[in-house]
Amino acid sequence: MYISTGLQWLPILWLTSVVSPMDVRNSSTDLVPIYEPFLSNLRPNPATFNPYLGGLDWNMCCSLVVNESFVIENGTLSIRPGQTFFTGTIDTLEEFPRFPCGATFNGTLAAPHQEFWVPYSWCDDHCPGWPVTKADNFNKWLKPMISFVLPSLIFCLNIPRRRRLELHTKLFSNESINVSNILFFIVKVPLASLIVTLDIIIWTCVVFSVAGPMITSGIYEALLDARALTYLESRITENTLTVQQNAHALLSILIGNLDDDAWHSSRLFVQALPRATARKRLGSIRSAREHSASTIQSPLIVDVTTPDQSYNADWLSVATESTTVGGLRNHLYSVEQQRQTAAAKWRLRAMLDSQVSFGSSVGAPVLFYVASYIWSVYEVREELGSYITAHQLGSGMFWMTIPHVALVSCLLLAGNNPNIWQSAVAQNFLEFNNPFTRDVRQYAATGLDSDFKRAQNGLRAARSFRSFIQRIFDQIFALAYKDSVFKPAWMWNRGLNKAMWITRLGEEYPYLQGMRAEVLEKRFGMDLWTSSLYGFVLYSVPTIFGIIVSYNTPQVGFGCRSIILLTYIASQICLQALWVLRWYFFDHSMRENVKTFRVPTAKSIIIRCSWYSLFMFAALLGALTSIGGTIFVLTNVLTNCFCAIPAKYWWDRWSNPNALIFVDDATYEQIYYAQKYWFPTGVVGVVFMVIVTYIGWWYQRSLRQRFHALVAKIDYVNERTLLEEERLDAEMAVPVREADIHSLDNVYNNIRPD
């Protein structure tokens, strides 16, 4: 019974299987008016000129794929028998009646899926090359440049540098413009503009290529500044540092980015300040008093009281009269010493306050940048589904790296303009009888670079090829502050230059060797790796956001654009590792020589050459992937068959059946991923920049306030501690004079707490 019932359904199933294929439509008359204008009179060659120079017409290539999939005959559009490119149905085409090539976003997520696929072999045979961005298509190159590239490019001007492209003074002569020289003036203006433009482009390439070491070095300098201030704050109440040592340490924080010549002149700045601690000066006054008493008892003893001690010979009586905080300090130093100390305080404050504040240099520009960037990201939503716009947006996020370099460079206490220091030390600098200024005055008179001058004086280096190259280089790339006798370090050397200054402080003053050990040596390796970690976050986060956008632009996966950005991160990681590891590769015993903080040295020439070769290769790779990658995106070089397939198919793209390329535009997948990643990643990237800006602003203001507080206390005397120590010494003295102890007790009891 059950078998007969099942057999009854067999004819019905057979009829269904026969009729179903008959119901599948493979033609349409409604689509003919849409497709016929694009498919009629197609060129067999989609290139308008040499495709390898940008002559490919990608839309024409897409139209060839559609033409291979359909045929229009007798007013009907039909699917070609045996075609393999079109994977959809006529129904889906009629649901979204549009031509698939060059389609745009219609404001909704309603869009067809990716339905036109060609193998890589067909694409390479029929559509080789790439389509260059047309000059009149401003939305494809001018709009992203104004929206993302130029705002970031402005921040390059705030990043300090040592040299720039020479802009000859003859281009800005003070002659009046008249008929005779009007032609020269017309030539000078565009020539000067061209030189400045080239200078900015070159400096942008340099910043991008070594952004990792720049950020790392800047963060390392900021850590050294904070640690140095902390050390001075902890010692200021111990009466262990002299006024000269305090002032020189604070001065090193302000000018620690300058070269060796500035170190010699910094000694002139503090040479007139008191060189003895408060404890020693008080002991000297006490000895002078005892000596004065002995001369009264024995007229044969000659008075040997020094001029500095004569103003305050009876220190106990003066101290007894001083019952307010600061009174004893005023009597420890002569009037001239107090005047020199006050002048040093004024100069230190003026040097710090004359620098452009963090808010003015990068804080306010970041606000305008953020507002412009958010609007640009919001505006490109009108082009959702465009793979070109997606990769341009990813490239724009990548350009956030430059503002982060500028943020780090502007939060440091050391100024970028050496003329500030030159004006502060000018009076001491021009004293001819001072032996420290003779060599530097000679430099000022000749105007030659110190390195080149030493090359001339040694081994007839002027005849060598290296000296010739140096001379050419000096003529093309002049010093950024060529009118100053002092030279700032490159941004990637600033942190180690500051370490050199701290090392020299320890060599100059034995009592500051503890500062050298605590600030520099104890945490040297940890600080370098910590700076590298923070630097990695700053340059990798905007780059990763760009990778996310490019990675999730269909086809989803790593392709040319995302791999370019990934390669940039790898190059900066390599540069950072080389920047840090040179202190482990090179001779550690040479660290005592302060030169090694700027010039890496190694016993093995193989290691040295390998280090320099790897560094140059990584820097070149960073320049190619950053500037070159951006040019590729703007000119549309990466729109080609090879970059259209995921990287996992590159090796066997000729034979792998999965190495397929879709050619239709504004598909559902493209719009979906654009809505999911474009605006969120842009907003998160901007929020990250705002957070970094606020941290930098807070950090620099905190350092400035601490610096001002320490400047006010460079001659600070902890009177309670000082008098307590003297009281204990007086009690232990033999014989003990009751009058002295009584006077010390009165002073100690009258001093108010700090």
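Which helix holds S217? S217 sits in helix α9, which covers residues 211-235; helices are DSSP runs of H or I with at least four residues, numbered from the N terminus. This is a predicted model, in which local features need pLDDT of at least 70, side-chain atom pairs count only at pLDDT 80 or more, and totals for chains, interfaces and linings use all residues. Residues are numbered from 1 along each chain as its sequence is written, and side-chain values use heavy atoms, leaving out hydrogens and water.

**Surroundings of S217**

- S217 is buried (under 20% relative accessible area, with a 1.4 Å probe and protein chains only), because its relative accessibility is 0%.
- Beyond its neighbours within four places in sequence, S217 is in contact with M491, W492, N493, R494, G495, L496 and W579, where contact means heavy atoms within 4.5 Å.
- R494 is 277 residues from S217 along the chain, yet their C-alpha atoms are 6.1 Å apart.
- A polar atom of the S217 side chain lies 3.2 Å from the backbone oxygen of M491.
- The S217 side chain also reaches the backbone nitrogen of G495, at 2.8 Å.

**Packing of α8 and α29**

- Helix α8 (residues 182-209) packs against helix α29 (residues 605-635) at an angle of about 115°, and their axes are 8 Å apart.
- The two helices α8 and α29 therefore count as roughly perpendicular, a term for angles of 65 to 115 degrees.
- On the α8 side the contact is made by T204, C205, F208 and S209, and on the α29 side by A619, G622, A623, S626 and I627.

Definitions and conventions
Buried < 20%, exposed > 50% of the residue type's maximum accessible area, 1.4 Å probe, protein only. Polar contact = N/O pair within 3.5 Å; in protein donor to acceptor, adjacent residues only side chain to side chain. Axes fitted to C-alpha atoms, helices over the stretch in contact; angles between N-to-C directions. Parallel < 35°, antiparallel > 145°, perpendicular 65-115°, else oblique.
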